[in-house]
Amino acid sequence: MSGSVTPTSDTISPRSQRFRDSVHNIPTPGTEVHRPRRYEPIVLNIYIVGSIALLMICLGIALEIALHISDICNGFSVPEKNVITFVSTSFLTSFVPTLLVVPLAYFWAVADWMLRWYQPYVTLSEGKAPAARSILLDYHRHWLINVSTLTAFSVIFMQPLAGSLFQVPQVPYTSAASATSMRSIGLSPTINQLTSFLASAGAPPGSILNGTLAVNTTAVQTHVNCINPTSFTTTNLTSSDFVLSATFSTTCNASLSLNPNDGPDQFSVTAASTCAPSYQDQNFQPVIFWYYHLSDNGDALGTAVFCQPSIAIFIVTTSMDLNDGSMGDCTIVEPFEYTNNVTGNPLNGQAFNGVMFDASNNSYITARILAINSGIPGAIYSFASQQPDWSTIHNTTISAQLTSDIPRLFVETLPAHLLSVLFICIGISSLIVHILHKRSRRNLWLTSPPGSIAAIVSLTSRSGFGDLLLPYDDVSRMKSNLTGLTFRLDKRTGAIVAEEDFGVVNTSDNTALLGGKRGYSMTVGVDNLTPLSRTSFKEKLEPESP
């Protein structure tokens, strides 16, 4: 065969004398045969890519807005009890956001791989591509591919950031509410009885800390041992003498005389001396609380309560809420067996009745005894009747603010900012990369996915340069055998065409990724061939026998 050139449909290229191609025998698609549709994977469709990129940008902006709302509104409202009972709240706040970003991460990873697969063919469509930058590479490190790879790598961080985006702590939250007021300011009709004044002493508990304190300590167990009478009678002797009589047992009964003209509501406390041992001090004797009430229709009502308090001392384990001072569960460990002035002399384990005391010559102590004798029965009566002297019953609805510890959904600041920036940067950079890569593919016409073996064979089966390669050639041997050839896509058929670059002497490909620099010249081109390739080259130079 002579060294003439063979024309193609789009250019005049030198025919290689190392192999024989038959691309010119391929029927012209669109003229001689039907031309198949151009293959474009859906993941590289510019409308799909644009929609996903726009979604990423919108998600980044929405995340910043959600963070702002979370900060100013003290989080978002969530159900106080987890509606999905078989999983924890922390699992939902970490798994669900991660699950939502997984499709986005997968999409950009697949899109990056598709760009890598297409890049060698894009290089071939530009023409005169050496083997190191085309058929010996499954992708080419073009700057667009570098940016796409960086984007695909950055999507890895989306999942851990999404998993740490939300938190649901218990926080004090104040919300608007309404309440029903059952009282309004007004003077009670019984103000002149001074009942509420005697029962109004007290002090509110103070807030300490937000926590719980558990201790082993000594506790006093008290029992009031109060009972109602087995029988009770009221006797009106005169207009100014009224007698209340109560029986609590066969050996315990008492009576009280009062003047009904002193008021419609009267109460008192007396020692139940007849129900106590003769040797017992008045401070520890049982007591009887007496109550009298004259109803609006003139009926005289009364009752009595017998109380005999007792105490017991134990070693206990208990807890206390430091926020409001309330006690938690109290568990008895063992009885208190030590002797002190409570279990021993002078109390000997007896309980003060708290209302009856020995007479005193001190006027202040005497006044306190009188106040206690009236105050405690008055407090009990006031609590039982639920009629304070400084309010009247009147139902109205008023505005209120309810503050309670409830779960709130918070957007974490640092993960939100990082994820928002990542969404926006990935969306913008990916959109730019795919727009530019689509322009570089405008001269590329592939009719099947580029990654299959059949697709590669269909593009190279008529090109002839396969005669220079053996199935067991390694990468360095293939690079050596293909030295001096340039490759392109035939514009008429789309086949991969190899051409001798006769105009280049001692050239080297500094961008080759599969080996060192290797020169090619007309003098060494044949000597560097494999035996099989050298035989093929010799046969093509010799004319065939007639």
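A search of the whole structure, which is a predicted model, finds 3 cavities of 30 Å³ or more, a cavity being a set of points, on a 1 Å grid over the protein atoms alone, where a 1.4 Å probe fits but cannot get out. The search of the whole structure also finds 4 salt bridges, each defined as a side-chain nitrogen of Lys or Arg within 4 Å of a carboxyl oxygen of Asp or Glu. Because the model is predicted, local features need pLDDT of at least 70 and side-chain atom pairs count only at pLDDT 80 or more, while totals for chains, interfaces and linings use all residues. Residues are numbered from 1 along each chain as its sequence is written, and side-chain values use heavy atoms, with hydrogens and water left out.

**The largest cavity**

- The largest cavity holds about 50 Å³ of space, where a volume is the space filled by probe spheres set on the grid points, which are joined across faces, edges and corners.
- Its lining, made up of residues with an atom within 4 Å of a point, consists of Trp108, Ala111, Asp112, Ser148, Thr151, Ser430, Val433 and His434.
- The elements that give two or more residues to this lining are α2 (89–126), α3 (143–154) and α7 (413–440), helices being DSSP runs of H or I with at least four residues and strands runs of E with at least two, numbered from the N terminus.
- The lining residues divide into 3 nonpolar, 4 polar and 1 charged, with Ala, Val, Leu, Ile, Met, Phe, Trp, Tyr, Cys and Pro counted as nonpolar, Asp, Glu, Lys and Arg as charged, and the others, Gly among them, as polar.

- Asp112, one of the residues lining the largest cavity, forms a salt bridge with Arg116, the closest N and O atoms being 2.9 Å apart.
- Asp112 and Arg116 are 4 residues apart in helix α2, so about one helical turn separates them.
- Asp112 counts as buried at 4% relative accessibility, and Arg116 likewise at 11%, buried meaning under 20% relative accessible area, exposed over 50% and partly exposed in between (1.4 Å probe, protein chains only).

- Arg488 forms a salt bridge with Asp490, with the closest N and O atoms 3.9 Å apart, and both Arg488 and Asp490 are buried.
- Arg488 also forms a salt bridge with Glu499, where the closest N and O atoms are 2.8 Å apart.
- Since Arg488 lies in strand β18 (residues 485–489) and Glu499 in strand β19 (residues 496–500), this pair ties together parts that are 11 residues apart in sequence.
- Glu499 is buried, as is Arg488, and salt bridges that share partners join Arg488, Asp490 and Glu499 into one network.

Definitions and conventions:
1 Å grid on protein atoms, 1.4 Å probe; cavity = no way out; pocket = protein on both sides within 12 Å on 5 of 7 lines; lining within 4 Å.
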